[in-house]
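Please look at the sequence and the structure before reading on.

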Amino acid sequence: QVQLVESGGGLVQPGGSLRLSCLASGTIFSINAMGWYRQAPGKQRELVAAITSGGNTNYASSVKGRFTVSRDNAKNIVYLQMNSLKPEDTAVYYCNADYQVVPTIRENTWGQGTQVTVSS
């Protein structure tokens, strides 16, 4: 069983910055990829940014140039640095991990979510 614990959400003014963190703990042989998704009220959950164990990244077009995903493989932590925040970035942000429990068993899990509100 793997748990993901997010932190760093909150209220910020437009143009401000926040940094989200997500720590993965539990029975982990290796992590293939970790990422951040978000879900705004009345909308579907969408990918924000993801990073593989090799450091390859993928971003939603709406956040490119403003958000940066990074990862500490040794500590199983993924970060999301969010700059130039806009009101439309307001959502619950969820951490996701794709990992191997053992070399032959692959699992996927979600964190509980952290609220990000961008408002003046």
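Are Arg66 and Asp89 buried or exposed? Both Arg66 and Asp89 are buried, where buried means under 20% relative accessible area, exposed means over 50%, and partly exposed lies in between (1.4 Å probe, protein chains only).

The model is predicted, so local features need pLDDT of at least 70 and side-chain atom pairs count only at pLDDT 80 or more, while totals for chains, interfaces and linings use all residues. Residues are numbered from 1 along each chain as its sequence is written, and side-chain values use heavy atoms, with hydrogens and water left out.

**Salt bridges**

Side chains of opposite charge can pair when their charged atoms come close. A salt bridge is defined as a side-chain nitrogen of Lys or Arg within 4 Å of a carboxyl oxygen of Asp or Glu. The structure holds 4 salt bridges, among them those in the table.

| Salt bridge | Closest N to O distance |
|---|---|
| Arg38 and Glu46 | 2.8 Å |
| Arg66 and Asp89 | 2.8 Å |

Strands are DSSP runs (E, at least two residues), numbered from the N terminus. Salt bridges that share partners join Arg38, Glu46, Arg66 and Asp89 into one network.

Arg38 counts as buried because its relative accessibility is 6%, and Asp89 is buried with a relative accessible area of 1%. Glu46, the other partner of Arg38, counts as partly exposed at 34% relative accessibility.

**The disulfide**

A disulfide is a covalent bond between the sulfur atoms of two cysteines. By the rule used here, it is a pair of cysteine sulfur atoms within 2.5 Å, and the count comes to 1 disulfide. Cys22 is joined to Cys95, with an S to S distance of 2.1 Å. Cys22 lies in strand β3 (residues 18-26) and Cys95 in strand β9 (residues 91-102), so the pair ties together parts that are 73 residues apart in sequence. The torsion about the S-S bond of Cys22 and Cys95 is about -85°, and the disulfide is therefore left-handed. Cys22 counts as buried at 0% relative accessibility, and Cys95 is buried with a relative accessible area of 0%.

Conventions. Helix = DSSP H or I, 4+ residues; strand = E, 2+ residues; numbered from the N terminus.
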